[in-house]
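Welcome! Take a moment to turn the model around before reading on, and keep the sequence beside it.

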Amino acid sequence: MILEEGPKRDLRQLVLPQIGKLVATDDPWDPWQILDPQGQPLGPVALYFADLLAGGSPATTLRSYGMDLLRWWRFLWVLGVEWDRATQRDARDFALWMRMADKPVRPHWRNGSEPDTRPAAGKVLPGAPNPVTGKLTIGPKYAPTTRAHCETVLRQFYDFHLDQRTGALLVNPFPLVRGRRERRNASHKPTEPFQPERKGRYRPKVPKRIPRRIPDEKYTEIFARIRHNRDRALLEAWASSGARASELLGAQQQHAKPGQQVIGVIRKGTEDFQELPASPAAFVWLRLYQEEVWRRGAGRGRAEPLWVTLRRPFRPLTYDAARIMFTRVNQLLGSNWTLHDLRHTASFRMANDPEMSLHHVQLILGHKHLSTTETYLNPSADELIEHGLAHLTRMARKQNAPQPAPPAPGYNPDSLNTLFGVIDG
């Protein structure tokens, strides 16, 4: 496809208006919709979402894809371009804008005003490493992972509509890398790793991130700041079972079996039911939490949700509510750990247990490939720093060690070197 250059666009001044929105519905047949500025659903997106649902994608995938599609539609609305008339030039400019521009500042949900982005005294600058965890904070630019995800979603969206021959669409505005149009892994050998299936031309290079676990001393500090038995039970269950946050939050009361020391979850992606082992402490705190909420009138039954809100009316605990709980603890400690770091913590603990098979760890974590589990055999960032500092300490001790006294006059230095194994030079 040839780039059709028109009048030069000043992408530096381009700001995406917060028009249109991604909304959740109560309809399981159509859980997420993108509405245009007039409040009407976007037909091409609805058709694509229906195809994703038919292919087994969960509603959370539709939400994730919808955020990227809404961003692209806002870009097209600013340019005045119809979605099926978009060209490779539009896709190129969109990728360039996402790389160079700052993320739009959204009005605060309470008063509608723009939040103050100036860092307060003692706070970490956006994009700088957190002094407690060493993890980068959220910066003003779009992260490479966000841009890569957006490019993949849009390329697959247009591939779908090209197959459906929708509208006036003739070519995909998000092309593949030149010379990579053949099918990858067609002749894959079992002894060799899989290569990326396809790579978009405007897909950024994503640095390989090393999973970060929460050190034991920091985990103890976090646990000490937890206020409620429910949250203590959640923290212990996440850090011992390796379940994803959303998987554990979807469990029912019948799925917790203290006698067998397991909790059943629905695995992300496969949607299979699997029982995972959890620590005894998790079930102790779980029982204390259940007795508290049951006395206050929370539902009690096999099909009732295992995790509910602590205040009436009792409702199933959502991921956002659990994340906010964990964020409050982070604010007290000045850290930026995430709920997913608890899964990393459990993964590191299990993978580095010499008496536990790595294949068993893979099955517990629900990894498709063993190579994903092998990541947790590598030293964590904290371990690298710890061992590096220990090495420097040993070197400093050697340099400051007292030097041996020179031999007395009359002794042959060569004879002493031969005797004590000292090699000059």
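Here is a short tour, from the whole chain to its cores, a helix, a surface patch and salt bridges.

This is a predicted model, in which local features need pLDDT of at least 70 and side-chain atom pairs count only at pLDDT 80 or more, while totals for chains, interfaces and linings use all residues. Residues are numbered from 1 along each chain as its sequence is written, and side-chain values use heavy atoms, with hydrogens and water left out.

**The whole chain**

- The chain holds 14 helices and five strands; helices (H or I, at least four residues) and strands (E, at least two) are DSSP runs, numbered from the N terminus.
- Of its 425 residues, 37% are buried; buried means under 20% relative accessible area, exposed over 50%, and partly exposed in between (1.4 Å probe, protein chains only).
- Take the contacts (heavy atoms within 4.5 Å) between residues at least 6 apart in sequence: 59% of them join residues at least 24 apart.
- The accessible surface is about 26600 Å², and 54% of that belongs to carbon and sulfur atoms; such areas come from the Shrake-Rupley method with a 1.4 Å probe, and for residues only the protein chains shown count as cover.

**The nonpolar cores**

- A nonpolar core is a set of buried Ala, Val, Leu, Ile, Met, Phe, Trp, Tyr and Cys residues joined through side-chain atoms within 4.5 Å.
- The largest one has 49 residues, and W238, L248, W307 and L342 touch the most other members.
- Elements that each supply at least two residues of this core include helix 6 (229–241), strand 4 (262–266) and helix 10 (339–351).
- A second, separate core has 37 residues, among them V45, L70, Y142 and C150.

**Helix 4**

- R165 follows helix 4 and has a positive phi, near 55°.

**A nonpolar surface patch**

- I385, L389 and L392 form a nonpolar patch on the surface, with about 310 Å² of accessible area together.
- In such a patch, residues have over 30% relative accessible area and no salt bridge, and nonpolar side chains (Val, Leu, Ile, Met, Phe, Trp, Tyr) are joined within 5 Å.
- I385 is found in helix 13 (residues 381–399), and I385 is exposed, at 53% relative accessible area.

**Salt bridges**

- The whole structure has 16 salt bridges, each a side-chain nitrogen of Lys or Arg within 4 Å of a carboxyl oxygen of Asp or Glu.
- R349 and D216 meet in one of them (3.4 Å, N to O); R349 lies in helix 10 and D216 in helix 5, so the pair ties together parts that are 133 residues apart in sequence.
- D93 and R89 form another, with their closest N and O atoms 3.9 Å apart, and both lie in helix 3, four residues apart.
- Buried or exposed: which is D93? D93 is buried, at 4% relative accessibility, and R89 is buried too, at 7%.

How values were computed:
Patches are made of residues with over 30% relative accessible area and no salt bridge: like charges are joined within 9 Å, nonpolar side chains (Val, Leu, Ile, Met, Phe, Trp, Tyr) within 5 Å.
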